[in-house]
Amino acid sequence: MAEAVYILCAITSLLCAVLLFRAYRRAPSRLLLWSSVCFVALALNSILVIVDRIIVPTAYDFRIHRLGVAAAGLVALLWALITDTPGKERP
């Protein structure tokens, strides 16, 4: 059952990233771009969870890599939230 949840989380994160990037291509906004980058990182994190917990559970511990990827995605989104100035979009 846990395997299904891991896979569904990866699919959901990837779908969110694709939808956010499509919205960014239609109406460019820095916040949409960085949100899609964040969700790509979260999808990669979910894929690493699948590799770590299902494919090679005892061979190697991917915890540091998973946390690093998730932190990088969240830092990218946080950066966008901090530096975004409303009303001034860059091309």
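With which residue does arginine 63 form a salt bridge? In this predicted model, the partner of arginine 63 is aspartate 61, the closest N and O atoms being 3.8 Å apart. A salt bridge is defined here as a side-chain nitrogen of Lys or Arg within 4 Å of a carboxyl oxygen of Asp or Glu.

The model is a prediction, in which local features need pLDDT of at least 70 and side-chain atom pairs count only at pLDDT 80 or more, whereas totals for chains, interfaces and linings use all residues. Residues are numbered from 1 along each chain as its sequence is written, and side-chain values use heavy atoms, with hydrogens and water left out.

The chain contains three helices and zero strands, and its pattern along the sequence reads α-α-α. Helices (H or I, at least four residues) and strands (E, at least two) are DSSP runs, numbered from the N terminus. The C-alpha trace spans about 50 × 20 × 15 Å along its principal axes. Of the 91 residues, 26% count as buried. The term buried means under 20% relative accessible area, exposed means over 50%, and partly exposed covers the values in between (1.4 Å probe, protein chains only).

The arrangement of two helices is considered next. Two packed helices are described by the angle between their axes and the distance between the axes. For helix α2 (residues 30-55) and helix α3 (residues 63-83), the axes come within 8 Å and cross at roughly 170 degrees. The crossing angle therefore makes α2 roughly antiparallel to α3. Axes are lines fitted to C-alpha atoms, for helices over the stretch in contact, and angles run from 0 to 180 degrees between N-to-C directions. Angles under 35 degrees count as roughly parallel, over 145 as roughly antiparallel, 65 to 115 as roughly perpendicular and the rest as oblique. The contact of α2 with α3 comprises 17 nonpolar, five polar and five charged residues. In this division, Ala, Val, Leu, Ile, Met, Phe, Trp, Tyr, Cys and Pro count as nonpolar, Asp, Glu, Lys and Arg as charged, and the others, Gly among them, as polar.

Individual residues of these helices were then examined. Valine 37 lies in helix α2 and is partly exposed, with a relative accessible area of 34%. The C-alpha atoms of valine 37 and leucine 77 are separated by 7.7 Å, although the two residues are 40 residues apart along the chain. Glycine 73 belongs to helix α3 and is buried, its relative accessible area being 1%. Between glycine 73 and asparagine 45, 28 residues apart in sequence, the C-alpha to C-alpha distance is 9.3 Å.

The structure holds two salt bridges. In one of them, the side chains of aspartate 52 and arginine 66 meet at 2.7 Å, N to O. This pair links distant parts of the chain, with aspartate 52 in helix α2 and arginine 66 in helix α3, 14 residues apart. Aspartate 52 counts as buried at 6% relative accessibility, and arginine 66 likewise counts as buried at 11%. In the salt bridge of arginine 63 with aspartate 61, arginine 63 is partly exposed, with a relative accessible area of 45%. Aspartate 61 counts as partly exposed at 41% relative accessibility.

Phenylalanine 62 is found in the loop between α2 and α3. Phenylalanine 62 counts as buried because its relative accessibility is 18%. Phenylalanine 62 and leucine 33 are 29 residues apart in sequence, and their C-alpha atoms are 27 Å apart in space.

In helix α1 (residues 2-26), which includes leucine 8, a surface feature was examined. Leucine 8 is exposed, with a relative accessible area of 53%. Together, Ile7, Leu8 and Ile11 make a nonpolar surface patch of about 280 Å².

Terms used:
Patches are made of residues with over 30% relative accessible area and no salt bridge: like charges are joined within 9 Å, nonpolar side chains (Val, Leu, Ile, Met, Phe, Trp, Tyr) within 5 Å. Accessible areas come from the Shrake-Rupley method with a 1.4 Å probe; for residues, only the protein chains shown count as cover.
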